[in-house]
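Colleague: Please walk me through the aromatic rings in this one. I'd like a close look at how they pair up.

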Amino acid sequence: MNTLTKLALGLMGQLKPLQPAVDAAATLTLPAPRRSGGMPLMQALLHRESQREFAPKALRKQMLSDLLWAAGGINRPELGGRTAPSAMNAQEVQLYVALPQGLFRYEPKAHRLEMAAAMDVRRVTGYQDFVDSAPLDLVYVADHAQMKLVPAAQREGFAFAAAGAMAQNVYLFCASAGLATVIRAWFDRHALAQAMGLGPDQQLLLAQTVGLPKGDAPA
Ligand SMILES: Cc1cc2nc3c(=O)[nH]c(=O)nc-3n(C[C@H](O)[C@H](O)[C@H](O)COP(=O)(O)O)c2cc1C
C-alpha cells in the first residue's frame, strides 16, 4: 500500500492490519543464538547504514534468533543482563516482531516468541510502503509499569534511549550479517497501538524494518 493511501486511511481511522495467510502457533521456538563470530566491530561500524529496499523473503530461524538476541537478549544469565543497557536496569523496552503470520513478543529469558495478536500488522508499522512486504518489522514498546523506580518525568526519555541502544545493536548485527535495516519513527501511533492491542502502561517508541537487501538470496 503506498504512503498516500496509508495517510488517507489513517486520517479516517481505517489503517488496519491484515488477516494472516497462515495460522501460526502461539509460541515460536528459536534455536540458540550463535554468540560468536560475525564481522569485527570496526568493520561493522564501517558498514552500518539505513537501507529501505528489502527482498520479501523470510529470514531463516537461526538468523532471526541471532537478530533478536543481538537486539535485547540475555548475555549474562547469572544477572539477567541484556545486550543493551537500560536506566536502572529497568529493562522496560519490550520487543515486538511483526511477521506475516502474526505479531509476536520476544521473551528474552526463554529466548522465544510469544504470539501477541494473530494479525499481520506489518503495514501498520509505518507510512512507508516497504514495511508491508519486508519479512519483519520490529516494534519497540516501553512498559511504564517496569519503570516505577525511575522519576516519572524521565521515563519516556530513558525508554527512548534504551530503545535506541537496542536499535543500534540491530544495525550492527545487520551490517555484520549482510541484512538491510532502517529505524523508523514515522508511523500512525494510534493505529499501531490499536492493531497491537497495547495496554495503558505501554507506549510505542520506534519501529525498525529488517530483511535481506532487495535481490539477495535467502539468509
Ligand atoms: C529517531 C529516528 C527516527 C527515524 N525515522 C525514520 C523513518 O520514519 N523512516 C525512515 O525511512 N528513516 C528514519 N530514520 C532513519 C534516518 O533517516 C537515517 O538514520 C538518516 O537518514 C541517516 O542515514 P544512515 O542511517 O544511513 O546513516 C530515523 C532515524 C532516527 C534516529
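**The aromatic pairs**

Modeller: Tyr-127 is buried, with a relative accessible area of 12% (buried means under 20%, exposed over 50% and partly exposed in between, with a 1.4 Å probe and protein chains only). Keep in mind that this is a predicted model, where local features need pLDDT of at least 70 and side-chain atom pairs count only at pLDDT 80 or more, while totals for chains, interfaces and linings use all residues. Residues are numbered from 1 along each chain as its sequence is written, and side-chain values use heavy atoms, with hydrogens and water left out.

Now the pairs: rings of Phe, Tyr and Trp (its six-membered ring) pair if their centres lie within 6.5 Å, and the planes count as stacked under 30 degrees apart, edge-to-face over 60 and tilted otherwise. That rule gives two aromatic pairs. Phe-54 and Phe-130 have ring centres 5.5 Å apart and planes at 35°, so they're tilted. They link distant parts of the chain, 76 residues apart: Phe-54 is in the loop between α2 (41-47) and α3 (61-72), and Phe-130 is in helix α4 (residues 130-133). (Helices are DSSP runs of H or I with at least four residues, strands are E runs of at least two, numbered from the N terminus.) Phe-54 is buried at 9%, and Phe-130 is buried at 11%.

Tyr-127 and Trp-186 make a tilted pair, 5.0 Å centre to centre with 50° between the planes. Tyr-127 lies in the loop between β6 (112-117) and α4, and Trp-186 in the loop between β8 (180-184) and α6 (189-196), so this pair ties together parts 59 residues apart in sequence. Trp-186 is partly exposed, at 44%.
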